[in-house]
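Here is a short report for a first look at a protein model. Keep the sequence and the structure in view as you read.

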Amino acid sequence: LNLPAQNIAVPQRGDGETAVVSAKVETQAFPIIVEALGTAVANESVNLTAQQAETVKSVLFEDGDIVSKGQLLIELSDREEKARVNELAINIAEAKRQLNRIKGLAKQSAASEQLLDEQRARVDALEAQKDVVDAQLSELQVRAPFAGRLGIRQVSIGSLVRPGDVISTLDDLSILKVDFSISELHFASVANGQSIVATSIAYPGESFTGLITSIDSRIDPVTRAIQVRAQIPNGDLKLRPGMLLQINVEKRVIDALVIPEGALVPEGESQFVFVIDDEGKARKTKVVIGQRKPGWVQILDGIDAGQEVIVEGTLKLRDGSGVKVISPASVAFKN
């Protein structure tokens, strides 16, 4: 935590009063934040591979290209398949011509219905064969299954590729998913549609907002944690799969007594603060603390709103010490 300066030794005044910095105890809207770590993954992600073993005829993309759905990326050698398609197209045309001739003869009762049915079956069989070869031909073309950004090309023209060989990667980066775990304690405080804020060390001081889209159906019996998935819009493509993200989920917002964390004086397992009374004396007071936020702490019991606590100069103080406030605390509470 980045805490405000505390326990700063300040000079003792000649009149016996110790110069200190103080802050008012105030009721503030205090957000309760659940923190977690998650790894970003692409909305959709695939390794592009060939479906048949063949040599590469043409490469139609460059490393890192942004492509649209269905865009042709790789063509494999297809001379045999195209020749077969042309052969079948000729055979189908001839079979259809014969079918039309037999239909004319059948109308004149010069051809039997059996002969007509046999010719129809021949046409259907040839068209089915052409469908098979067309499918084989399409398998020799690698197309983008969805829109996204390509990775580094792994093949060149003339390369022999086999099924399973990676040609490149394709990631849909328009939305990033991030999976993270939260404690069973916070399970009732998260829900689909809830807002999250993510930060990355790659972009100091910048945050990215998203929404929880799914919560796992089971709590891990070992860790007592549950998996949560959120989606973060990534239109500017700043975030990339594999990034480690700090996730903050706002559990709820409460009205709480809040003081700077530097006012706390720990003793063993207890926490104390010095409160300035009406006589200008520092009174050591035990407090019960609740939730913490970087630099700030919630007070559950021990002091009331409107009281003044000492933030700097507590090292020189004892219960009943006279104090002189030299300046108020200059830091403001931030939600």
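The sections below go through the model part by part.

## About the model

The model is predicted: local features need pLDDT of at least 70, side-chain atom pairs count only at pLDDT 80 or more, and totals for chains, interfaces and linings use all residues. Residues are numbered from 1 along each chain as its sequence is written, and side-chain values use heavy atoms, with hydrogens and water left out.

Helices (H or I, at least four residues) and strands (E, at least two) are DSSP runs, numbered from the N terminus.

## Helix 2

Helix 2 covers residues 113–138 and has 26 residues. From first C-alpha to last, helix 2 reaches 38 Å. That is close to the 38 Å expected at 1.5 Å a residue. The expected span is 1.5 Å times one less than the number of residues.

Six names stand out as buried in helix 2: Leu-116, Gln-119, Val-123, Leu-126, Val-133 and Leu-137. Buried means under 20% relative accessible area, exposed over 50%, and partly exposed in between (1.4 Å probe, protein chains only). An α-helix has 3.6 residues a turn, so residues three or four places apart point the same way.

Four strands form an open sheet in the order 6-5-3-8, with antiparallel pairing. Strand 6 (141–143) and strand 8 are the edges, and each pairs on one side only. Two strands pair if DSSP finds at least two bridges between them.

Strand 3 (residues 54–59) is joined to strand 8 (residues 160–161) by two bridges. There, Glu-54 has Val-161 as its bridge partner. Three bridges link strand 3 to strand 5 (residues 72–76). Ser-58 stands opposite Glu-75 in strand 5.

## Two nonpolar cores

A nonpolar core is a set of buried Ala, Val, Leu, Ile, Met, Phe, Trp, Tyr and Cys residues joined through side-chain atoms within 4.5 Å. The largest has 23 residues. Phe-180, Ile-196, Ile-232, Leu-245, Ile-247 and Val-249 have the most contacts inside it. Two or more residues come from each of strand 2 (26–49), strand 9 (166–183), strand 10 (195–199), strand 11 (207–219), strand 12 (225–233) and strand 13 (244–260). Strand 9 gives the largest share, five residues. Another core, of 17 residues, lies apart from this one; Phe-61, Leu-76, Ile-167 and Leu-170 are among them.

Contact means heavy atoms within 4.5 Å.

Ala-36 sits in strand 2. Ala-36 counts as buried, at 9% relative accessibility. Leaving aside neighbours within four places in sequence, Ala-36 is in contact with Phe-180, Ser-181, Leu-245, Gln-246 and Ile-247. Ala-36 and Leu-48 are twelve residues apart in sequence and 33 Å apart in space, C-alpha to C-alpha.

Is Ser-22 buried or exposed? Ser-22 is buried, with a relative accessible area of 2%. Ser-22 lies in strand 1 (residues 18–24). Its side chain makes a polar contact with the side chain of Glu-308, at 2.4 Å. A polar contact is a pair of N or O atoms within 3.5 Å; within protein, one must be able to donate a hydrogen and the other to accept it, and residues adjacent in sequence count only if both atoms are side-chain atoms.

Gln-271 belongs to strand 15 (residues 270–276). Gln-271 is buried too, with a relative accessible area of 16%.
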